[in-house]
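Here is a walk through one protein model. Keep the sequence and the 3D view side by side as you read.

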Amino acid sequence: MRAVEIQEYGGPEVLRVVEAEVPTPGPGQVSIDVAYTGVNFADLKARADGYRVPALPFVPGLEASGRVRALGAGVTGLAVGQEVAALTQGGAYADVVVADAVTVFPLPPGVDLRTGATLPTVLPTAYALIHTVGRLQPGETVLVQGAAGGVGTVLGQLANAAGAGAVLGVVSSEAKAEYAREHGYDEVVVTSSTTPSFAKEVREATDGRGVDLALDPVGGETLRASLDSLAPFGRLVSFGNASGAQPWQVGQPDLYPLALSVSGFSILTLAQTSPTELRALTERAFRTVVDGVVSLPVTAEFALQDAAEAHRLMGTRTSTGKLLLRAHGTDGDADLA
């Protein structure tokens with residue numbers, strides 16, 4: 001089978017297509033004939049910096065859709081040939097991937113394989129940020145960094161469905177701002193490397209009060225600015241560190257004056273520490289797609305062997321929505337939605 005390996009850290013050019021042995025599922029695992037693989041920013045960090053890479057060579061890829069190829073010992077509730085979506089610990093940039101059965105989810109009726117590949121990381125993350133960790137209440141205001149990305153696209157829709165009073169987004173270009181407005185955002189702030197601040201605009205958009213819930217995947221100074229954008233009793237949830245900045249600490253003097261709270265979320269860590277909780281969360285999240293509450297546009301699709309091109313596009317920070325790799329077929333051209 002084909003697999004896309006990282007043999008050394010670096011730019012997109014280090015992604016290499018190799019012939020590999022078809023993996024066999026162990027006890028409690030499932031092997032899947034991959035149809036589509038989702039491309040995530042964590043894949044770029046793995047390629048460039050070794051993020052969550054146990055050793056080289058390494059096949060990236062945290063999510064895939066496809067059909068069950070084989071069941072490991074002790075696996076129940078799944079069948080060979082069944083269409084599924086899976087969250088993996090890596091290895092999804094390949095024709096076949098192995099995943100723990102607890103993180104393999106039958107696709108709901110009406111959800112095809114292409115759509116299924118967009119779901120395993122983005123949808124449960126967004127659902128948790130709004131409902132489980134963020135605990136958004138009707139009428140509250142929300143601020144989302146990266147509003148035009150995959151998670152951001154879903155967050156805008158989920159926040160509206162939950163009855164948010166206003167949904168504010170932060171993006172890096174006017175084109176992304178237009179996209180965000182089409183996916184549930186009432187106000188969008190455009191920042192740049194020369195004008196990275198957004199707290200003032202957030203205050204103005206909320207009549208000086210600030211937001212009740214801020215969701216931040218960027219980290220660093222952006223995370224601190226998100227904290228500065230909170231209203232009394234506001235909540236800040238950190239769910240990534242795309243900036244690569246050193247983590248900072250927040251203490252009682254920062255939180256006491258406005259009774260603020262700070263929390264965090266990582267779907268990959270939850271998959272390792274509490275897969276049963278992840279499964280329950282994912283099943284609830286998937287229902288929002290079936291019910292028509294959420295849709296996540298696939299804005300670019302690449303053949304598996306062109307994974308480097310997908311990384312180049314995501315690395316420009318100009319992409320919106322979701323990027324996919326197509327494991328079936330041999331057409332190397334990108335299909336833009």
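Which residue forms a salt bridge with D212? The partner is R209, and the closest N and O atoms of the pair are 2.9 Å apart. Bear in mind that this is a predicted model. Side chains of opposite charge can pair when their charged atoms come close. Now look at how each partner sits. D212 has a relative accessible area of 7%, below the 20% cut-off, so D212 is buried. R209 has 40% relative accessibility, so R209 counts as partly exposed.

The whole structure holds 11 salt bridges. One of them joins K322 to E63, with the closest N and O atoms 2.5 Å apart. This pair links distant parts of the chain. K322 belongs to strand β15, residues 322-326, and E63 belongs to strand β4, residues 63-71. The two residues are 259 residues apart.

Next, find helix α11, which covers residues 307-315. Both E309 and R312 lie in it. They are three residues apart, about one turn of the helix. They form a salt bridge, and their closest N and O atoms are 2.6 Å apart. E309 counts as partly exposed because its relative accessibility is 39%. R312 counts as partly exposed because its value is 35%. Salt bridges can also join into a network. Here R114, E301 and R326 are linked in that way.

How many residues does the largest nonpolar core have? The count is 57. Inside this core, L155, L215 and F265 have the most contacts. Helix α3, residues 122-133, gives the most to the core, with eight residues. There is also a second, separate core of 23 residues. Among its members are V14, L15, A46 and A300.

L215 is then in contact with L129, I130, V142, L143, V144, Q145, L155, V237 and F239. L129 and I130 are also among the buried residues of α3.

Stay with α3. Why is this helix largely enclosed by the rest of the structure? It is because 10 of its 12 residues are buried. The buried ones include V122, L123, P124 and T125. Just after the helix, R135 takes a positive phi of about 50°.

Which way does α3 run against helix α10, residues 275-290? The two axes come within 9 Å and cross at roughly 100°. An angle from 65 to 115 degrees counts as roughly perpendicular, so α3 and α10 are roughly perpendicular to each other. On the α3 side, the contact is made by L123, P124, Y127, A128 and T132. On the α10 side, it is made by L281, T282, R284, A285, F286, T288 and V289. Sort the residues of this contact by type. Eight are nonpolar, three are polar and one is charged.

Notes: Residues are numbered from 1 along each chain as its sequence is written. This is a predicted model: local features need pLDDT of at least 70, side-chain atom pairs count only at pLDDT 80 or more; totals for chains, interfaces and linings use all residues. Side-chain values use heavy atoms; hydrogens and water are left out. A nonpolar core is a set of buried Ala, Val, Leu, Ile, Met, Phe, Trp, Tyr and Cys residues joined through side-chain atoms within 4.5 Å. Buried means under 20% relative accessible area, exposed over 50%, partly exposed in between (1.4 Å probe, protein chains only). Helices (H or I, at least four residues) and strands (E, at least two) are DSSP runs, numbered from the N terminus. Contact means heavy atoms within 4.5 Å. Axes are lines fitted to C-alpha atoms, for helices over the stretch in contact, and angles run from 0 to 180 degrees between N-to-C directions. Angles under 35 degrees count as roughly parallel, over 145 as roughly antiparallel, 65 to 115 as roughly perpendicular and the rest as oblique. Ala, Val, Leu, Ile, Met, Phe, Trp, Tyr, Cys and Pro count as nonpolar, Asp, Glu, Lys and Arg as charged, and the others, Gly among them, as polar. A salt bridge is a side-chain nitrogen of Lys or Arg within 4 Å of a carboxyl oxygen of Asp or Glu. Lists of a residue's contacts leave out its neighbours within four places in sequence.
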